[in-house]
Amino acid sequence: MHTIINVGRSFGSGGGFVGQAIGRKLGIPVFDNELISKAAEESGYSKSLFAKGEEKSLFSVSSFFASGRLSYIDSGYVNDNVLFNIQSEVIRSIAEKGDAVIIGRCADYLLRDRPCLNVFVDGPEEYRIHRLMENEHLPAAEAEKLMRRKDRTRKTYYNYYTFGAWGVASNYHLCVDSSILGIEGTADFIIDFGRRAGLVK
């Protein structure tokens, strides 16, 4: 059994950093937006197709489609649903090949037919805003605005494609507040939980 850990996260919670820490501690690859794009490219798709991930809408074939895999094309454009289908193929392929931490991209839903540890990393709004102020060098008002916009985008994307509810505890094995233990401590906690649950080697 491969160890597959799917990490959902609210914006500013540090969920991506938690995922990276999990991968480092377990010695397994972490697939974030950039590496999922790379995996797509290696499968014959253009990396540019995935450039903006969950936020991209329409893709011009002439600008973004490099491989000639034209079965997905409808009227000269690659739309959101087509992109999601391509993404689904890539993520399932990643899970079939070996151990992985997959960050975002509805991976918990796409891999629902196989044993995975599904976690959601969150945190109080004040904590997330403070992290964004420090990491993105933003004033408080701008950090809050960015946080709410990104959360709204992720929620809309997840709910549309999974028919589920983004960030709702019943969708995950574990929801954790990263402000309590910090990035490294949260990663350790998730690993321990996964081992106890028999989902992490």
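This note sets out numbered points on the predicted model shown above.

1. Basis. The model is predicted: local features need pLDDT of at least 70, side-chain atom pairs count only at pLDDT 80 or more, and totals for chains, interfaces and linings use all residues. Residues are numbered from 1 along each chain as its sequence is written, and side-chain values use heavy atoms, with hydrogens and water left out.

2. Overall content. The protein chain holds 8 helices and 7 strands; helices (H or I, at least four residues) and strands (E, at least two) are DSSP runs, numbered from the N terminus. Of its 201 residues, 46% count as buried, where buried means under 20% relative accessible area, exposed over 50%, and partly exposed in between (1.4 Å probe, protein chains only). Among contacts (heavy atoms within 4.5 Å) between residues at least 6 apart in sequence, 64% join residues at least 24 apart.

3. Largest nonpolar core. A nonpolar core is a set of buried Ala, Val, Leu, Ile, Met, Phe, Trp, Tyr and Cys residues joined through side-chain atoms within 4.5 Å. The largest has 22 residues, of which Ile-4, Ile-36, Ile-91, Ile-94, Ile-102 and Leu-111 touch the most other members. At least two residues of this core come from each of α4 (80-97), β5 (100-103), α5 (107-110) and α7 (140-162), and α4 gives the most, with 5 residues.

4. Not counting residues up to four places away in sequence, the contacts of Ile-4 include Ala-95, Ile-102, Leu-111 and Leu-117.

5. Helix α7. The 23 residues of α7 should span 33 Å at 1.5 Å a residue, and its end C-alpha atoms are 32 Å apart, which agrees; the expected span is 1.5 Å times one less than the number of residues. Its buried residues include Leu-146, Lys-150, Asp-151 and Arg-154. The buried residues of α7 pack against β1 (4-9), α4, α5 and α6 (125-136). Just after this helix, Phe-163 takes a positive phi of about 60 degrees.

6. Surface. Ile-180, Leu-181 and Phe-189 form a nonpolar surface patch with about 310 Å² of accessible area together. Leu-181, in helix α8 (residues 178-196), counts as partly exposed because its relative accessibility is 46%. Such a patch joins nonpolar side chains (Val, Leu, Ile, Met, Phe, Trp, Tyr) within 5 Å, from residues with over 30% relative accessible area and no salt bridge (a side-chain nitrogen of Lys or Arg within 4 Å of a carboxyl oxygen of Asp or Glu). Accessible areas come from the Shrake-Rupley method with a 1.4 Å probe; for residues, only the protein chains shown count as cover.

Technical notes:
Patches are made of residues with over 30% relative accessible area and no salt bridge: like charges are joined within 9 Å, nonpolar side chains (Val, Leu, Ile, Met, Phe, Trp, Tyr) within 5 Å.
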